[in-house]
Amino acid sequence: MPNVPEEIARLSRELAKMRRGQRYAHGGSIENAAIEVRDDAGSLRGIVGQQGDGTTAVNIVNGPPPPAPSDPIVASVLGGITVSWDGLFAAGAVIPLDWQRVEVHASIVAGFTPSAATLATTIETAQGSTVVVSVDTTVYVRLVARNTSGTASTPSTQVGPYGPAPVVADEILDGIVTATKIANGAVLLNTLGGPLADLATQRYADYMTDGGAWGQLSASAGATWVVDPNATGTPSGGGKMTVTGAVQLAGTTFIPQDTDTLYRVMVRVRATAEDPSGPATVYLGLVGMADDKTTFVNRSGANSTSSHFYCASNGGTLTVADGWKTYIGYIQGHSASGVTAPAGPNTDPRVPGTSHFDVRYLRPTMWLNFGKNNAAVMEVEAFTVEALRTGTVGATNLITGSVTAAAIATDAVTAGKVAADAITARELTAGSVTTAKLDALAVTSDKVAANAIIAGKIAAGAVSANSLTVGVGQSISAKITDAMGDATLWAQTFDSGTSSWLTGVTDAAAGGTLAQASGPVTLERVTNTPYDPDTLYKVTVRVRTTVAPTAGTATVYMGLVGVAADGTTRVSSTGANNFVTGQHFITANNVTIAVGTTWTTLTGYVQGNAATGTTTACPDPKAPGKLHTNARYVRPIVRLLMGATGGTMQVDQVTLETVPTGVVNAVNIANGAVTASTLAADAITGKTITGGVLQTATTGQRVTINEAAGNKILVYDSTGRAVAELSGDGMALEGTNGAQLIMDPDSAFPNFRLTNNNQSAEAVINVSENTAGAADLGLNSGQFASHGFTDMKWRTFFGNDFWVAEKIRDSDYNTYIGGRVYLADTYAKIGYVNTALTPDLVATLSLDSNQQAVFDQTRLIIQPPVSSSSVIYVEAPTGYTGTLLRLRQNGLDKFYVDKDGNTYIDGVLTGKAMATGSVSITPVANTPTSVTVSGLNLSGTVHRAFVTAQSAAPGTVVECSATSVTNTGLTIWVNRTNTTNTNIWYLVIAS
């Protein structure tokens, strides 16, 4: 009997050999699948067929770096240098089959490392070539080879320095400079004069060497601008303009606008100081002018210096940390007559902005430090306006083979541009069809002749996921799994720490390799992955900290760097070309990783585009982040130990994969396959489940639906007691003490009832419709006994344009006893009412819209506190003509005080401040005779007496007077010529 394990092992080895040796038969097909090409170590080298995003391609990946090219041959020429490559490689190496191009890098720094910033141009032919690099100072040159996987070689040996050849007047003979001797773009708009200036529309370039090239349109108080033609250290090597405070400028050059021409506006600017309130904003673009070269024409056609065509930046924020920042925008043609032109920015040459219909000339414009004070400072070193000629090369101008892969713009060749069977194997050179040359779904069966595309015609990495047809792409889930075994796939783009790659790591979670950061390190994968905004991407990193930093925190940032359509320019969340700042850290953003041997896995999701991309972690696939609108490719990025001192962190795996959605349907699911444990927390949405009982548990605390076919939802507490019910009759809740909360929408008046713990009493909130269309609200307390009734309750009622608070009988709403507040549209009443009496007892204070307060059936008793203020105080305004105080009875005035203080009394005025009376004196003839009055008891401290005699014989009373006047009495005197008994009247007033 054969040994079963040995037999299985033998069959496995034979199957592996068959797979490695398999060749696909001519004329066959791959149905909804792909063939993976691996080397003898098992590493993935290519995918032929259906890719992860639904397109069909041959995708070459993980190619080894090409050999270093031979040293460049450099020479000085007018305006720059020439760089030649002889088509050879260092140490006699042979050109690899996946070679793509040689990059020419130039820098003013000796010993420089080639980067995106030093890339000057490329050589696209394997036979070698000579290119011209425009420079205005001496530079060093190195060459770098790159393959179709995007992997770079080691740089060539540095050559230089070389600079442009000098030109002096003595070396130029009269008439020797002809049209053929002037390089394209050499004559700038602002170097022309006379009629030529009106005709030239090719290129305007200002490197800030002439302050007369600009004029001020507006400026904030104290703001200044100055041009320094001798500035050093600028990216273009020219001068610079320094602007302090908010300044609006326009160029003095008028550029005639050709509406058929596409204009490219480029401005390079930086902020060197910020206002305390925050970074300033910039407006960069073009000012429109009428044909008289005097009248401004803004977006709406108005003659104004504001609201013009800010195609490069329309209020973009510029920080000091951004450094030199290049803004680019495009404008072409006019808006329709009467239509307001767009404000900008317009950064896509395929969708340029337009000027107003009345614009005839364009002028460069800058509005710097907008809205800030003089603490904000910006510098400008270049402003160019270029006329980009389009559509001038037709089919008759092209010779066979002149259009190469390098000459075709990204997404230029679409399915609609290729005739059926037009491209056959004969028309394609090896490696000419790359990913950048194919639109999504551009290659379909009717556009390719039979057997036209063979392996030799497709460049490595050319067929990406978004080049496949939908039918093929749906069956493939694209995935990049990087176990950090190839250091050439990563570049340290930022931070000053040291990155290294370790092998033979026994506790690595994936394989035995990892990347290690000693101190702050930012790693970026060098290969571009096409980004499909309709696809959900999952981005994962596995990381740990092995040594804590001596200062700072061991943190990780992880996500994706956006890359523009050119495959080189980075795109941050704001659209800026930044290595790190503002990138899309959707997997981890400042996550602290504690020291330990275990690995931490962090996952994030991204899908779609937005004007501002996402910079925060997005761990929920249902709420993925978004990339900036300009992102066409992505590269994984990992930033470790940011801002820390020392420390060691390790990464053993980074993955980028698409998450297929909607590929499993009803026919793929077996009956009973979906169980409770396989359902996500919110998996069932928007669907109908008919019949049966749904419950979270069978006993104890649980929720049930349709228990006992009752068509209700029941909630049980931990003791198994039903504490909540939701059904067609309403909703009920019961607390732990037995009190209930019941909502009854089916009652004649929908109500909300709150009971005590044994349901013997309840408070009610209800809605009623006492008048058609009304929704009156009542708040009712529980019932109680009062005034001989057992069903009294307090009620607050919001009626149709009135409100009342009262104590009322539940069985008879016409019986209310107690305090009552009633608010209506034109008056308010507060008082006491008892309608159980006959007649009704009503005592109220009413305030109405006539500004009157009326006490009805009420006596006013004022019991003031101890105070120095008035108990009753009346303050009438100027112009008041009524009485200040008025008392009446039976329609008659009894007492009043008019506006001037005049007082009327219908009655007798008495009081302790006044005493009246009379005495009888029988005088001695011609002798003063007196009588004393006592017992007056007056108030006050000063007392004045008035006396007069009553006589029927005038002239007989010589004198009548009073002495010794006090609060208790006085002495009255009379002097008469006879002894007739005389009646004397007296009046004493106290004050």
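Author: Two strands are taken as paired if DSSP finds at least two bridges between them. The model is a predicted one.

With that rule, β58, β61 and β60 form an open sheet of three strands in that order, and the pairing is antiparallel. The edges are held by β58 (929-933) and β60 (957-963); each has a single partner strand, so one side of each is left without a neighbour in the sheet. On average, neighbouring strands of this sheet are turned by 15° against each other, direction ignored. Between β58 and strand β61 (residues 970-976) there are five bridges, and the two run antiparallel. Thr932 has Thr971 in β61 as its bridge partner.

Strand β6 (residues 99-107) runs antiparallel to β9 and is joined to it by eight bridges.

A pair of aromatic rings is described by the distance of the centres and the angle of the planes. The count of aromatic pairs comes to 15. In one of them, the ring centres of Tyr283 and Tyr310 are 5.2 Å apart and the planes stand at 70°, so the pair is edge-to-face. Tyr283 belongs to strand β18 (residues 280-289) and Tyr310 to strand β19 (residues 309-318), so the pair ties together parts 27 residues apart in sequence. Both Tyr283 and Tyr310 are buried. Phe802 and Tyr822, by contrast, are stacked, at 5.7 Å centre to centre with 10° between the planes. Phe802 lies in strand β49 (residues 802-809) and Tyr822 in strand β50 (residues 817-823), so this pair ties together parts that are 20 residues apart in sequence. Phe802 is partly exposed, at a relative accessible area of 27%. Ring pairs also link Tyr283 and Tyr310 with Trp367 and Phe370 into a cluster.

Charged groups meet rings as well. The charged end of Arg702 sits over the ring of Tyr716, 3.8 Å from its centre. Arg820 lies over the face of Tyr816, at 4.3 Å from the ring centre.

The loops hold some backbone features to check. Gly344 and Pro345 are joined by a cis peptide bond with omega about 0°, and Pro345 is placed in the loop between β20 (325-334) and β21 (353-355). The bond from Thr838 to Pro839 is also cis, with omega near -5°; Pro839 lies in the loop between β51 (827-834) and β52 (841-848). Positive phi values occur in residues other than glycine: Met208 has phi near 60°, and Asn890 has about 50°. Met208 is in the loop between β11 (203-206) and β12 (214-219) and is buried, with a relative accessible area of 0%. Asn890 is in the loop between β54 (885-889) and β55 (892-897) and is exposed, at 74%.

Finally, a search of the whole structure finds zero disulfides. Cys311 is buried at 1% relative accessible area, and Cys618 counts as buried at 9%.

Methods: Residues are numbered from 1 along each chain as its sequence is written. This is a predicted model: local features need pLDDT of at least 70, side-chain atom pairs count only at pLDDT 80 or more; totals for chains, interfaces and linings use all residues. Side-chain values use heavy atoms; hydrogens and water are left out. Rings of Phe, Tyr and Trp (its six-membered ring) pair if their centres lie within 6.5 Å; planes under 30 degrees apart count as stacked, over 60 as edge-to-face and the rest as tilted. Helices (H or I, at least four residues) and strands (E, at least two) are DSSP runs, numbered from the N terminus. Buried means under 20% relative accessible area, exposed over 50%, partly exposed in between (1.4 Å probe, protein chains only). A charge sits over a ring if NZ of Lys or CZ of Arg is within 6 Å of the ring centre and within 35 degrees of the ring normal. A disulfide is a pair of cysteine sulfur atoms within 2.5 Å. Axes are lines fitted to C-alpha atoms, for helices over the stretch in contact, and angles run from 0 to 180 degrees between N-to-C directions.
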